[in-house]
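The sequence and the structure are shown first, and the description follows.

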Amino acid sequence: MAEYKYAQFLTHANKSAYDQGYHPSTNTPYSGIYRCTKCGHEVTSVTGYPLPPQNHHQHTPAQGAIVWQLIVAHGWIQG
Ligand SMILES: [Zn+2]
C-alpha cells in the first residue's frame with residue numbers, strides 16, 4: 001500500500017490512465033507507482049523502461065498473469 005503524509009503534495013485526478021491494466025514487460029506509459037491487480041504487489045516504474053516482467057513475482061495458478069495498474073503518477077499526465 002502506497003502512503004503519504006502531506007496531502008498538499010498530491011492531487012486527486014480522475015483520469016482514465018488509472019483505470020487501465022498494463023501487461024508485464026510493456027513500455028511504462030507513465031512514471032509512477034504501479035500495483036499488481038491480482039495480488040497487490042507494488043513497484044515503481046519509469047517511462048523509457050518496461051514494466052516488470054511476468055516472472056517479477058510468483059502468482060498462484062488461480063491468480064493468473066500479472067496486470068499492472070497505475071496508482072500514483074509522478075507528475076501531471078494527460079487523459
Ligand atoms: Zn501479482
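## Gly21 and the segment before strand 1

Beyond the neighbours within four places of it in sequence, Gly21 makes contact with Val67 and Trp68. The model is a predicted one, and in it Gly21 belongs to the segment before strand 1. Gly21 and Val67 are 46 residues apart along the chain, yet their C-alpha atoms are separated by 5.6 Å. The relative accessibility of Gly21 is 47%, and the residue therefore counts as partly exposed.

Ser25 is likewise placed in the segment before strand 1. Its phi is near 70°, which is a positive value in a residue other than glycine. Ser25 has a relative accessible area of 43%, so this residue is partly exposed.

## Strand pairing

Strand 1 (residues 32-36) and strand 2 (residues 42-45) run antiparallel and are joined by four bridges. Between these two strands lie five residues, and the whole forms a hairpin. In the turn, Gly40 has a positive phi of about 90°. Two of the facing positions can be named: Ile33 stands opposite Thr44 of strand 2, and Tyr34 stands opposite Val43 of strand 2.

Strand 1 is also joined to strand 3, in this case by five bridges, and the two run antiparallel. Strand 3 covers residues 68-73. The two faces of strand 2 can be told apart: Val43 and Ser45 make up the covered face, whereas Glu42 and Thr44 make up the uncovered one.

## Ile33 in strand 1

Ile33 is found in strand 1. With neighbours within four places in sequence left aside, the contacts of Ile33 include Glu42, Val43 and Thr44. Gln69, Leu70, Ile71 and Val72 are also among the contacts of Ile33, as is Ala2.

The C-alpha atom of Ile33 is separated by 6.4 Å from that of Ala73, a residue 40 places away along the chain. Is Ile33 buried or partly exposed? Burial requires a relative accessible area under 20%. Ile33 has 24% relative accessibility and therefore counts as partly exposed.

## His41 and His57

His41 is located in the loop between strand 1 and strand 2. The relative accessibility of His41 is 33%, so this residue counts as partly exposed. Leaving out neighbours within four places in sequence, His41 is in contact with Tyr34, Arg35 and Cys36, and also with His56, His57 and Trp68. His41 and Gln69 are 28 residues apart in sequence, and their C-alpha atoms are 10 Å apart in space.

His57 lies in the loop between strand 2 and strand 3. Its relative accessibility is 11%, and it therefore counts as buried. The side chains of His57 and His56 are joined by a polar contact of 2.9 Å. With neighbours within four places in sequence set aside, His57 is in contact with Cys36, Cys39, His41, Ile66 and Trp68.

## The largest pocket

The largest pocket holds about 580 Å³ of space. Its lining is made up of 21 residues, of which Thr11, Tyr18, Ile71, Val72 and Ala73 lie nearest the centre.

Which strand gives the most to the lining of the largest pocket? Strand 3 does, with three residues. By class, the lining comprises 13 nonpolar residues, four polar residues and four charged residues.

How values were computed:
Residues numbered from 1 in each chain as written. Predicted model: local features only at pLDDT ≥ 70, side-chain atom pairs only at ≥ 80, totals over all residues. Heavy atoms only, no water. 1 Å grid on protein atoms, 1.4 Å probe; cavity = no way out; pocket = protein on both sides within 12 Å on 5 of 7 lines; lining within 4 Å. Points joined across faces, edges and corners; volume = space filled by probe spheres on them. Nonpolar A, V, L, I, M, F, W, Y, C, P; charged D, E, K, R; others polar. Pairing = 2+ DSSP bridges. Buried < 20%, exposed > 50% of the residue type's maximum accessible area, 1.4 Å probe, protein only. Polar contact = N/O pair within 3.5 Å; in protein donor to acceptor, adjacent residues only side chain to side chain. Contact = heavy atoms within 4.5 Å.
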